[in-house]
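Subject: Structure for your study

Dear colleague,

Please find below the structure that I am handing over to you. My notes on what was found in it follow after the display.

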Amino acid sequence: MSEICYSDLEQKNDYNAKITYLDVDEISDFPDHPYHVIEDENLMELSESIKKYGVMVPLIVRLVDNKYQMVAGHRRKAASILAEQYKVPCIIKELSDEDAITSNNISWLSKDK
């Protein structure tokens with residue numbers, strides 16, 4: 001596996017990326033996702049914020065076998081469902097498995113920052 005750092009992924013970002021609204025049911029979870037969304041006070045606060053303002057940061061998804069797969073935004077998806085907001089803003093990225101895993105890990109490691 002080659003070394004990939006955040007700056008490598010950042011260079012691949014398209015800062016003019018198109019935002020597409022998808023139904024949460026269209027987005028499958030990342031396979032073998034090592035992290036779990038916990039229904040805690042923070043998730044409830046995020047859900048309340050989404051009720052009031054909507055999802056402010058788009059989810060990152062990729063197409064795998066003509067289906068959308070979550071890369072980053074698992075908590076936002078879960079909070080959107082709790083808020084009964086079933087259409088969420090997404091950026092669809094072309095990512096290899098390796099880049100998707102790296103992006104997923106970066107997302108989870110930076111979520112509290």
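**Buried residues of helix 3**

In helix 3, the buried residues are His74, Arg76, Lys77, Ala79 and Ser80. Please bear in mind while reading that the model is predicted.

**The protein as a whole**

The protein has 113 residues, of which 35% count as buried. It contains four helices and five strands. Read from the N terminus, these elements follow the order α-β-β-α-β-β-α-β-α. How far apart in sequence are the residues that contacts join? Taking contacts between residues at least 6 apart in sequence, 85% of them join residues at least 24 apart.

As to confidence, the mean pLDDT of the protein is 82, and 80% of the residues reach 70 or more. In residues 1–11, however, the pLDDT is below 50, and this stretch has 13 contacts in the model beyond near neighbours in sequence.

**Helix 2 against helix 3**

Helix 2 covers residues 41–53 and helix 3 covers residues 74–82. The two pack with their axes 8 Å apart, at an angle of about 65°. Angles of 65 to 115 degrees count as roughly perpendicular, and helix 2 and helix 3 are therefore roughly perpendicular to each other. Their crossing is right-handed.

Which residues make this contact? From helix 2 come Asn42, Leu43, Met44, Leu46, Ser47, Ile50 and Lys51, and from helix 3 come Arg75, Arg76, Ala78, Ala79, Ser80 and Leu82. Sorted by class, the contact of helix 2 with helix 3 has seven nonpolar, three polar and three charged residues.

Ser80 deserves a separate note. This residue is in helix 3. Is Ser80 buried or exposed? Residues under 20% relative accessible area count as buried, so Ser80, at 0% relative accessibility, is buried. Apart from neighbours within four places in sequence, Ser80 is in contact with Ile50, Val55, Gln85 and Val88. After helix 3 comes Glu84, which has a positive phi, near 60°.

Strand 4 covers residues 67–72, and Met70 is found in it. Met70 has a relative accessible area of 0% and is therefore buried. Although Met70 and Ile60 are ten residues apart in sequence, their C-alpha atoms are 6.4 Å apart in space. Setting aside residues up to four places away in sequence, Met70 touches Ile27, Ser28, Asp29, Phe30, Leu59, Ile60, Val61 and Lys77.

Gln69 is also placed in strand 4. Its relative accessibility is 8%, so Gln69 counts as buried. With residues up to four places away in sequence left out, Gln69 touches Ile27, Ser28, Asp29, Phe30, Pro31, Ile60, Val61, Arg62 and Val64.

Most residues other than glycine have a negative phi. What is the phi of Asp65? Asp65 is not a glycine, yet its phi is positive, near 55°. Asp65 lies in the loop between strand 3 (59–64) and strand 4. Residues over 50% relative accessible area count as exposed, so Asp65, at 68% relative accessibility, is exposed.

Asn66 is placed in the loop between strand 3 and strand 4 as well. Asn66 has a positive phi of about 60°, although it is not a glycine. At 76% relative accessibility, Asn66 counts as exposed.

**Leu22 in strand 1**

Strand 1 covers residues 19–23, and Leu22 lies in it. Leu22 has a relative accessibility of 4% and so counts as buried. Where in the sequence does Leu22 find its contacts? Not counting residues up to four places away in sequence, Leu22 touches Ile27, Val61, Tyr68, Tyr86, Lys87, Val88 and Cys90. Leu22 and Pro89 are 67 residues apart in sequence, while in space they are 6.6 Å apart, C-alpha to C-alpha.

Yours sincerely,
A colleague

Conventions. Residues numbered from 1 in each chain as written. Predicted model: local features only at pLDDT ≥ 70, side-chain atom pairs only at ≥ 80, totals over all residues. Heavy atoms only, no water. Axes fitted to C-alpha atoms, helices over the stretch in contact; angles between N-to-C directions. Parallel < 35°, antiparallel > 145°, perpendicular 65-115°, else oblique. Left-handed = near helix turned anticlockwise from the far one by under 90°. Contact = heavy atoms within 4.5 Å. Nonpolar A, V, L, I, M, F, W, Y, C, P; charged D, E, K, R; others polar. Buried < 20%, exposed > 50% of the residue type's maximum accessible area, 1.4 Å probe, protein only. pLDDT = per-residue confidence, 0-100.
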